[in-house]
Amino acid sequence: METLTEQILRDTIRIRPDKSHKGTYGRVCLVGGNAQFGGAIMMATEAAVYSGAGLNTTLTDPVNFVSLHSRLPEAMVADFHDTEQLEQLVKAATTVVVGPGLGTDADSLTALETVFKTVTPAQILIIDGSAITLVADKSLTLPKARLVFTPHEMEWQRLSGIPISNQHNDENEKVRAELNGIVVLKSHHTRIYTAKGTYLNPTGTPAQATGGMGDTLAGMVGGFTAQFTDLENAVLAAVYTHSAIADELAESQYVVLPTQIMHQLPRFMHEHQALK
Ligand SMILES: NC(=O)C1=CN([C@@H]2O[C@H](COP(=O)(O)OP(=O)(O)OC[C@H]3O[C@@H](n4cnc5c(N)ncnc54)[C@H](OP(=O)(O)O)[C@@H]3O)[C@@H](O)[C@H]2O)[C@@H](O)CC1
Ligand SMILES: Nc1ncnc2c1ncn2[C@@H]1O[C@H](COP(=O)(O)OP(=O)(O)O)[C@@H](O)[C@H]1O
Ligand SMILES: [Mg+2]
């Protein structure tokens with residue numbers, strides 16, 4: 001297992017070319033946020049926007065439209081119950097993030113099944129939170145796409161069948177290969193399983209242990225993978241960045257809020273962009 005270093009940032013975060021426009025930096029489509037968990041998709045969306053993704057559209061329950069827009073006018077919004085619109089927006093995306101605050105009721109399942117039916121092999125699909133739980137509970141067939149799973153240990157137990165106490169590298173890698181994607185297994189020492197290797201994230205702090213922290217990471221993974229061409233590196237750099245910013249803030253804070261992390265992203269990414 002390789003321990004990540006700051007080098008992953010320089011290998012991934014490119015200097016923006018002058019000759020570019022918003023389309024150069026990818027389209028992220030985020031699906032989640034039921035009436036109870038609107039905050040989750042708002043945090044994921046805000047994290048994608050602050051990561052620098054060029055265009056961001058959020059499909060959520062309409063009760064979240066006003067709160068999302070009043071925080072974040074940069075994002076577009078649509079109703080995740082509107083299957084036709086969901087299909088259109090998924091088709092247009094570089095990266096789709098599904099699951100933060102999605103919930104597990106019949107409407108949530110319909111939205112997830114629509115996403116799975118619509119994504120194509122060239123697209124990146126980040127599967128987080130409730131979407132992981134639904135895949136496990138309903139034994140859903142995974143779509144052919146460039147898949148990234150971001151489970152915490154209990155979600156990984158549900159998806160992989162491996163009890164938390166047995167989540168060792170060999171067992172985890174075996175299931176990752178069957179899933180045919182990347183697995184970000186989140187914990188106080190997050191490990192990332194890819195076809196190229198297994199990585200340990202050395203950054204992170206217990207100051208991060210608060211609701212919405214993973215929703216924020218899912219949005220960042222969405223934003224990074226939409227912009228930066230190497231999928232594995234984009235995922236690794238997002239994980240490293242998320243907790244490295246938390247470490248900075250934890251030097252003077254007892255708890256670090258997800259929204260504080262995302263607001264540091266433009267500054268942190270500027271400081272760590274490639275110099276080559
Ligand atoms: N503001 C919002 O809108 C928010 C909305 N959210 C949304 O809620 C939805 C449900 O997601 P969820 O993660 O809250 O619930 P669930 O999947 O049942 O997992 C919790 C269970 O797993 C266990 N557990 C064991 N190990 C663990 C570990 N390392 N990390 C974490 N948990 C671990 C844990 O054990 P315990 O705490 O009891 O010790 C407990 O039994 C999802 O869509 C999410 O996006 C949240 O993000 C919050 C903010
Ligand atoms: N003690 C800790 N040390 C380091 N990172 C932590 C710690 N506790 C939680 N985290 C990080 O916070 C995030 C929690 O994700 P998740 O449980 O999905 O949160 P939520 O669903 O509430 O947004 C993960 O990125 C995890 O690595
Ligand atoms: Mg989560």
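Let me start with Asp215, which sits in helix H9. Keep in mind that this is a predicted model. Is Asp215 buried or exposed? It counts as buried, because it has 30 C-beta neighbours inside 10 Å, and the cut-off for buried is 20 or more. Leaving aside neighbours within four places in sequence, Asp215 is in contact with Ala40, Met43, Ala44, Pro100, Gly101, Gly129 and Pro258.

Two of those names come up again in the record. UniProt, in an unreviewed entry, places the feature "binding site" at Ala40, Gly101, His152 and Asp215. So let's go to Gly101 next. You'll find Gly101 in the loop between strand E5 (95-98) and helix H5 (106-118). Gly101 is buried too, because it has 27 C-beta neighbours inside 10 Å. Not counting residues up to four places away in sequence, its contacts include Gly32, Gly33, Asn34, Phe37, Ala40, Gly129, Ser130 and, of course, Asp215.

Ala40 brings us to helix H2, where it is one of the buried residues. H2 covers residues 38-51 and reaches 20 Å from its first C-alpha to its last, close to the 20 Å expected at 1.5 Å a residue. Twelve of its 14 residues are buried, so H2 is largely enclosed by the rest of the structure. Just after H2, have a look at Gly52, which takes a positive phi of about 105°.

Gly129 and Ser130 belong to helix H6 (residues 129-137), where they are buried along with Ala131, Ile132, Leu134 and Val135. H6 is followed by a residue with positive phi as well: Ser139, near 50°.

Now back to H9, this time for ligand 2. Which helix gives the most to the shell around ligand 2? That is H9 (residues 213-227), with four residues. In total, 17 residues surround the ligand, and the closest are His188, Gly204, Ala209, Met213 and Gly214. By type, the shell divides into four nonpolar, eleven polar and two charged residues.

Last stop, the largest nonpolar core. It has 81 residues, and Val31, Val96, Val98 and Val235 touch the most other members. Helix H10 (residues 231-250) gives the most to this core, with ten residues.

Key:
Residues are numbered from 1 along each chain as its sequence is written. Chains are lettered from A and ligands numbered from 1 in the order in which they are written. This is a predicted model: local features need pLDDT of at least 70, side-chain atom pairs count only at pLDDT 80 or more; totals for chains, interfaces and linings use all residues. Helices (H or I, at least four residues) and strands (E, at least two) are DSSP runs, numbered from the N terminus. A residue is near a molecule or strand if its C-beta atom, placed from the backbone, lies within 6 Å of it. Ala, Val, Leu, Ile, Met, Phe, Trp, Tyr, Cys and Pro count as nonpolar, Asp, Glu, Lys and Arg as charged, and the others, Gly among them, as polar. A nonpolar core is a set of buried Ala, Val, Leu, Ile, Met, Phe, Trp, Tyr and Cys residues joined through C-beta atoms within 7 Å. UniProt positions are given in the numbering used here, feature names are shortened, and annotations may be inferred rather than shown by experiment. Two residues are in contact if their C-beta atoms, placed from the backbone, lie within 7 Å. The expected span of a helix is 1.5 Å times one less than its number of residues.
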